[in-house]
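Hello,

Here is the structure I said I would pass on. Please take a look, then read my notes below.

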Amino acid sequence: MILTDTHTHLYSEEFQNDRTEMIERAIEAGVSRFFVPSIDSSYSEKMYDLEAQFPSNIFLMMGLHPCYVKPETYQQELAHVEKALAAKKFYAVGEIGIDLFWDKTTLQIQQEAFKRQIQLAKKYKLAINIHCREAFDEVFEVLESEKSPELFGIFHCFTGDFEQAKHAIDLGMKLGIGGVATFKNGKIDQFLNEIDLKHIVLETDSPYLAPVPFRGKRNESSYTKIIAEKLAQIYNLPLEEIARITSENSKQVFGI
């Protein structure tokens, strides 16, 4: 059984004391592919080091996270993204998008950065990996403006309602389902079985958003199996079938 974690911050400081052991633990649990999003340029070398350490398992994205889109630095950061994409192989542009939970004052430059990075993804024929927090309308507005057959990817950590899920799928996105699906108040488990499994990929977003029974603690990629088990309940399918279909979906998106 092959499980795929389509969004995990393996370079996070949260793992500094046991990073290698944590990754090996996930591999033992059947998680053999890890897709690692970028936050900003300060993490690039750590990402490259991880890829060199686990070349068969770790696949990198490149992008500027919306929370790191700052007036004084975002132009240089976008230049770093563009230079990196031209220089080496990445599997997606991400994580990119809009976050209005922490800072609404940067909306305009977040929109600009999101749009420019979508255009880079189209240029290099790559998927995008979308971060959206309290910004569904704003994210959809940008996606609609860039809508084309070349636009595809994953709506990371999807927490929207059924209509928003259908809208995302119509725009060429798969839904990244993680620990929120196991939360009592997560809500997405109430309609997920109405979404064809071909539109679903698994993720942890580790070290954040650990699934029940680890909610509130450090998340890690081995918990991808817990999320798969929850989907097996929701879809009334064997765990192996959930693993197979979601892994195939991820390979399709990332071009593996």
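Glu241 and Arg244 sit three residues apart in helix H8 (residues 239-254), so about one helical turn separates them. Their side chains meet in a salt bridge (2.8 Å, N to O). Glu241 is partly exposed, at 26% relative accessibility. Arg244 is partly exposed too, at 46%. Keep in mind that this is a predicted model.

Salt bridges with shared partners also join Asp18, Arg25, Arg218 and Glu220 into one network. Within it, the side chains of Arg25 and Glu220 meet at 2.8 Å, N to O. This pair links distant parts of the chain, 195 residues apart. Arg25 lies in helix H1, and Glu220 lies in the loop between strand E8 (200-202) and helix H7 (224-235). Glu220 is buried, with a relative accessible area of 6%. Arg25 is partly exposed at 35%. Asp18 is in the loop between strand E1 (3-5) and helix H1 (19-28). Asp18 is buried, at 19%, and touches Arg25 and Arg218.

Another salt bridge joins Lys88 and Glu51 (2.9 Å, N to O). Lys88 is in the loop between helix H3 (74-87) and strand E4 (92-99), while Glu51 is in helix H2 (residues 44-53). The whole structure holds twelve salt bridges.

Now the helix packing. The axes of H4 (residues 107-123) and H5 (residues 136-145) come within 10 Å and cross at roughly 35°. The crossing is right-handed. Residues in contact include Phe114 and Ile118 in H4, and Val139 and Leu143 in H5. The contact divides into six nonpolar, two polar and two charged residues.

Best wishes

Notes: Residues are numbered from 1 along each chain as its sequence is written. This is a predicted model: local features need pLDDT of at least 70, side-chain atom pairs count only at pLDDT 80 or more; totals for chains, interfaces and linings use all residues. Side-chain values use heavy atoms; hydrogens and water are left out. Helices (H or I, at least four residues) and strands (E, at least two) are DSSP runs, numbered from the N terminus. Buried means under 20% relative accessible area, exposed over 50%, partly exposed in between (1.4 Å probe, protein chains only). Contact means heavy atoms within 4.5 Å. Axes are lines fitted to C-alpha atoms, for helices over the stretch in contact, and angles run from 0 to 180 degrees between N-to-C directions. A crossing is left-handed if the near helix is turned anticlockwise from the far one by less than a right angle, and right-handed if clockwise. Ala, Val, Leu, Ile, Met, Phe, Trp, Tyr, Cys and Pro count as nonpolar, Asp, Glu, Lys and Arg as charged, and the others, Gly among them, as polar. A salt bridge is a side-chain nitrogen of Lys or Arg within 4 Å of a carboxyl oxygen of Asp or Glu. Lists of a residue's contacts leave out its neighbours within four places in sequence.
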